[in-house]
Amino acid sequence: MASRTTHPVLDTRSLNRATLARQLLLNRAEMSAADAVEHLLGLQAQNVKPPYFQLHARLAGFRPAELAGLMESREAVRIVTMRSTIHTHTAHDALTLRPLVQPARDREVTYFRKGLTGVDLDALAEHARAFVEAEPRTMAEIREELLTRWPDADPQSLAVAARCRLPLVQVTPRGVWGKSGQVRLTTLREWVGDGDGRHEVAAVSADEAVLRYLGAFGPASVKDMQTWAGLTRLREAFERLRPRLAVFQDENGVELFDLPEAPRPDADVPAPARFLPEFDNLLLSHADRTRVIAPELKGRSWSGNQAHCTLLLDGFLAGLWKADGAALTVELFSPVSARQEEEIVAEGEALLAAMAEGAEPTAGARVRFGSIRG
């Protein structure tokens, strides 16, 4: 929404540098994996490995075993939250953020109402809860169990309803670096508990969520946050907070909000090359993504419905990459200078070394330039 009031203008490069600073992508942070996952309000985790690559790009000295340990100790979990996609959250954030987006998950069920004729959704949720809390179950097992109670319903609709109505987590070893396992689900509270004093379980308020979102993704518009959360009607929260926020506008006059003391580096601050995994939240959490993706490159990080891993250069999308064993292939969208090529190679070699099993450099590891799409 364009602002009717004149506010200081943040150009695209200024927005880029501010967002990179919040996302810990200007300089690798001396921060624990747990603190980073909390600061970032979770990591997109549609696939197993991306959260590990996200933290490698952001944290000094990160090793996969650190996040793997959080998963195994149940201090971090994989759960459907924002945009109806799987995220890796701290246990605390999972307990408090999932209720914030629950109305959207409830609305999602209505898209499948034709397959749920005659199904009492409250009864379905309780039946599914008892089933998965007895022991973690696969989605196929949940579907088959629900069919015994509602044999005339559509099997897929039953499964979707259970996933939406219940906060289901993917239990380990799923999500643990270097291990594999089928997706098995139980309820969040069954997995992490809420009565041992470790976790506060009150749902986060919309106002608090706005402040945390701005801390990780700001400066941002109301529509930006709604895109990140998959929610609507958040303007009221922004308006309540307006006296506490700094207000800007972008070059198109769209009103942007921010935390007054949050970092907003100069537009000419150097931004290092960074390799990001598919579905990194940096590229998904704003309605207007030109702060990272130039308009002429819109859609270039996708092939059909397949997202590619992306390369940032000077803070902006500059290419794609793919790791294959000891090699990393980089596909550039346009030519780069010799200095930039050296920077890309050095960052790629560091990624290959740090993310190797056992965190030991792989013999013969190399970075090459070419097409990743044949």
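Which residues in helix 7 meet which residues in helix 8?

1. Basis. This is a predicted model, in which local features need pLDDT of at least 70 and side-chain atom pairs count only at pLDDT 80 or more, while totals for chains, interfaces and linings use all residues. Residues are numbered from 1 along each chain as its sequence is written, and side-chain values use heavy atoms, with hydrogens and water left out. Helices (H or I, at least four residues) and strands (E, at least two) are DSSP runs, numbered from the N terminus.

2. Helix 7 and helix 8. From helix 7, Met-139, Ile-142, Arg-143, Leu-146 and Leu-147 meet Pro-155, Gln-156, Leu-158, Ala-159, Ala-162 and Arg-163 of helix 8; contact means heavy atoms within 4.5 Å. The residues of this contact divide into eight nonpolar, one polar and two charged. Here Ala, Val, Leu, Ile, Met, Phe, Trp, Tyr, Cys and Pro count as nonpolar, Asp, Glu, Lys and Arg as charged, and the others, Gly among them, as polar.

3. Geometry of that packing. Helix 7 (residues 139-149) and helix 8 (residues 155-165) pack at an angle of about 110°, and their axes are 9 Å apart. That makes helix 7 roughly perpendicular to helix 8. Axes are lines fitted to C-alpha atoms, for helices over the stretch in contact, and angles run from 0 to 180 degrees between N-to-C directions. Angles under 35 degrees count as roughly parallel, over 145 as roughly antiparallel, 65 to 115 as roughly perpendicular and the rest as oblique. The crossing of helix 7 and helix 8 is right-handed. A crossing is left-handed if the near helix is turned anticlockwise from the far one by less than a right angle, and right-handed if clockwise.

4. Helix 5 and helix 8. Helix 5 (residues 91-110) packs with helix 8 at an angle of about 160°, with the axes 8 Å apart. Helix 5 and helix 8 are therefore roughly antiparallel to each other, and their crossing is left-handed. Arg-98, Gln-102, Arg-105, Asp-106, Glu-108 and Val-109 of helix 5 make the contact with Ala-161, Arg-163, Cys-164 and Arg-165 of helix 8. These residues divide into three nonpolar, one polar and six charged. Arg-163 is listed in the contact with helix 7 and in the contact with helix 5.

5. Nine of the 11 residues of helix 1 are buried, where buried means under 20% relative accessible area, exposed over 50%, and partly exposed in between (1.4 Å probe, protein chains only). Among the buried residues are Leu-15, Asn-16, Arg-17 and Arg-22. Their cover includes helix 2 (33-39), helix 10 (206-217), strand 7 (255-258), strand 11 (309-313) and strand 12 (316-324). Val-9 is placed in the segment before helix 1 (12-22). Not counting residues up to four places away in sequence, Val-9 touches Gln-249, Asp-250 and Glu-251.

6. Aromatic pairs. Rings of Phe, Tyr and Trp (its six-membered ring) pair if their centres lie within 6.5 Å; planes under 30 degrees apart count as stacked, over 60 as edge-to-face and the rest as tilted. By this rule the count comes to nine aromatic pairs. The rings of Phe-53 and Trp-177 have centres 6.0 Å apart and planes at 65°, so the pair is edge-to-face. Phe-53 lies in helix 3 (residues 50-58) and Trp-177 in the loop between strand 4 (168-170) and strand 5 (185-187), 124 residues apart. Phe-53 counts as buried at 11% relative accessibility, and Trp-177 is buried with a relative accessible area of 13%. Phe-275 and Trp-321 also form an edge-to-face pair, 5.6 Å centre to centre with 90° between the planes. Tyr-52, Phe-53, Trp-177, Phe-275 and Trp-321 form one aromatic cluster.

7. Backbone points to check by eye. Most residues other than glycine have a negative phi, and most peptide bonds are trans. The peptide bond from Thr-172 to Pro-173 is cis, with omega near 15°, and a cis peptide bond with omega about -5° joins Gly-218 and Pro-219. Leu-41 has a positive phi of about 55° and is buried, with a relative accessible area of 0%. Phe-279 has a positive phi of about 65° and lies in the loop between strand 8 and strand 9 (302-303).
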